[in-house]
Amino acid sequence: MKWKEQLLSLAPYKPGRPIESVKKEYGLEKVVKLASNENPFGTSPKVVTALKSALTSFAIYPDGYATNLRTAVAEFLNINEEQLIFGNGADNLIQIISRAFLMPGKNTVMASPTFSQYKHNAIIDGAEVREIPLLDGEHDLESMVKAIDENTAVVWVCSPNNPTGVYISKENMTAFLNKVPKETLVVIDDAYHDYVVADDFYNAEDFVNEYRNLIVLRTFSKIYGIASLRVGYGIAHQDIIRVLEPAREPFNVNTLGQIAAVAAIDDQEYVVHCRQKNREGMAQFEQFCEEHKLHYFPSQANFILIDFGTSGDEVFQYLLKKGYIVRSGNALGYASSVRVTVGSAEENNGVIHAMKQYLAENASVTK
Ligand SMILES: *Cc1c(COP(=O)(O)O)cnc(C)c1O
């Protein structure tokens, strides 16, 4: 058959292992998933209440314009409703942008390692991928600018970056936006922005009126705790949104997702609480790394990439048997590391205890 050839070289996305299958395989009663950067405290109780009262009319298509959610997000961000596009998760927006901009003859610039979906979609759409190595976990923005030429359609910037957790300062981001040619779209993937506490971080929505070649991606899957309902959105100048909209499928955000997201954005107390808990949890991991002299990147997200100096796959397997699902850095471009989502204090203590056991049993391997 006449497949796009590049598809044949791709593997499907490997998600973190499901809890139930790990329980079965290792005969464990309790398994904690710290693999996909979900909110360990779950969904806000207000969202659960909103969903319970919403259990009606499943036969009706969702609102294709996400009217109520659009109003809620626009009010929250103090922007115009026409500056928003909604997606079945931010992943869907990455796909829509790729579909709208990328094809053979075009190229796209991104960091490496970074979130896998930029490259994945670019390959399917036949564009050349230009990967610029991170410098100490951080985007090398100068080299990224240098890699741009007249055929560069999209530059992807993930901040804080997945999988390192390192963010870009307002100063550096502004300098970068000033240097990118106006004809090249910049995507700021802001999936973890709600977790950032650094003083010199930016509000990405403040950039979109000044830079008319920019789209900012956000998600309800991380701090808002509704990953299963699949809601993300993009913020841009309305001229960008207008051209992008036809590339979106008509009913891409489901009804329950829309209802949940409206309730979620309304509960900022919950967001503040989760952000605070995340910093406390991060401190537990940083302390563990310091005590054991393990390298880690300072993370402003809700995960930490820890270098064990051995095989990330082996550490992953060890922790799995103890009931902790993390991500091996092997698939993320850091073969000797694991990426651990910051959990509740108890979950963090548990996985740190297991990591200490690993180190004790493998004392001769690690330094
Ligand atoms: C989790 C994540 C996404 C995808 O979020 P969804 O809204 O669940 O599709 C996008 N970008 C980054 C960097 C992420 O870590």
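**Note on the predicted model: domains and ligand site**

1. The C-alpha centres of domain 1 and domain 2 lie 24 Å apart. Domain 1 comprises 5-43 + 269-361 and domain 2 comprises 45-267, with bounds taken from an automatic or database domain assignment. Between them, 30 residues of domain 1 touch 36 residues of domain 2 (contact: heavy atoms within 4.5 Å).

2. The model is predicted, with local features needing pLDDT of at least 70 and side-chain atom pairs pLDDT 80 or more, while totals for chains, interfaces and linings use all residues. Numbering runs from 1 along each chain as its sequence is written, and side-chain values use heavy atoms, without hydrogens and water.

3. The ligand is surrounded by 13 residues, the closest being Ala90, Tyr192, Thr219, Ser221 and Lys222 (a heavy atom within 4 Å). By class, this shell holds 5 nonpolar, 4 polar and 4 charged residues; Tyr counts as nonpolar and Gly as polar in this scheme.

4. The distance is 2.6 Å to a polar backbone atom of Ala90, 2.9 Å to a backbone N or O atom of Asp91, and 2.6 Å to a side-chain N or O atom of Tyr192. The protein covers 94% of the 380 Å² of accessible area that the ligand has on its own (Shrake-Rupley, 1.4 Å probe).

Conventions: A polar contact is a pair of N or O atoms within 3.5 Å; within protein, one must be able to donate a hydrogen and the other to accept it, and residues adjacent in sequence count only if both atoms are side-chain atoms.
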